[in-house]
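Subject: Structure for you to look at

Hello,

Please find below the structure that I promised to hand over, together with its sequence. Once you have it open, read on slowly and look up each place as it is mentioned.

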Amino acid sequence: MQDFILYLAFYGLIVVIVILAQVLVAAQQVGLSTLAGNREDLVLTGLAGRMERAANNSLLALALVAPAVLMTNLSDAADNLADQLMLTFLLARIAYVALYALGIVWFRTAAWVTAFVCTALLYVGLVL
């Protein structure tokens, strides 16, 4: 298995863990019965709110990066650069979630931009 595919699998696992952590934090804030309900007008605050936003953003990032990785693999365009881009993406996304949970804004934004640029560069590598 190529490294960049393995990094994508790790990122998928990280997203699952982030979602689980978000649910656990939200359950502490509002209770399981509220989470089991329709959640209409439910507004999570503090850590629970930040984790909800980080989980949503993580899913979006996964939806963007997975096609690029899979197309890179299918087109045999994979090289050391693709591996390095995915490793950087993975580390930046881990940092993003941690920094978001802690409420650290500018470094969180830098981590987001880093991962986004890595994703964009994977697509650029496919069309050039």
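Because its relative accessibility is 7%, methionine 51 counts as buried; here buried means under 20% relative accessible area, exposed means over 50%, and partly exposed is what lies in between, with a 1.4 Å probe and protein chains only.

Before going further, please keep in mind that this is a predicted model, in which local features need pLDDT of at least 70 and side-chain atom pairs count only at pLDDT 80 or more, while totals for chains, interfaces and linings use all residues. Residues are numbered from 1 along each chain as its sequence is written, and side-chain values use heavy atoms, with hydrogens and water left out.

Now the whole chain. The protein chain has five helices and zero strands, so that its elements, read from the N terminus, run α-α-α-α-α. Its C-alpha trace spans about 50 × 30 × 20 Å along the principal axes, and of its 128 residues, 35% are buried.

Next, the packing of the helices. Two packed helices are described by the angle between their axes and by the distance between those axes. In this model helix 1 (residues 3–30) packs with helix 3 at an angle of about 165°, the axes being 9 Å apart; the axes are lines fitted to C-alpha atoms, for helices over the stretch in contact, and the angles run from 0 to 180 degrees between N-to-C directions. Helix 1 and helix 3 are therefore roughly antiparallel, since angles over 145 degrees are given that name, whereas those under 35 count as roughly parallel, 65 to 115 as roughly perpendicular and the rest as oblique. Helix 4 (residues 80–102) packs with helix 5 at an angle of about 155°, with 8 Å between the axes, and that makes helix 4 roughly antiparallel to helix 5.

Then there is the loop between helix 2 (32–36) and helix 3, where arginine 39 is found. Arginine 39 has a positive phi, near 60°, in a residue other than glycine, and with a relative accessible area of 43% it is partly exposed. Aspartate 41 has its place in the loop between helix 2 and helix 3 as well, and has a positive phi of about 65° although it is not a glycine. At 78% relative accessibility, aspartate 41 counts as exposed. To return to where we began, methionine 51 and aspartate 41 are 10 residues apart in sequence and 18 Å apart in space, from C-alpha to C-alpha.

Which helix supplies the largest share of the nonpolar patch? The answer is helix 5, with seven residues, and both helix 3 (46–74) and helix 5 (105–127) supply at least two residues each. The patch covers about 940 Å², and among its residues are Leu60, Trp112, Phe116 and Val124. Valine 124 lies in helix 5 and, at 36% relative accessibility, counts as partly exposed.

Best wishes

How values were computed:
Patches are made of residues with over 30% relative accessible area and no salt bridge: like charges are joined within 9 Å, nonpolar side chains (Val, Leu, Ile, Met, Phe, Trp, Tyr) within 5 Å. Accessible areas come from the Shrake-Rupley method with a 1.4 Å probe; for residues, only the protein chains shown count as cover. A salt bridge is a side-chain nitrogen of Lys or Arg within 4 Å of a carboxyl oxygen of Asp or Glu. Helices (H or I, at least four residues) and strands (E, at least two) are DSSP runs, numbered from the N terminus.
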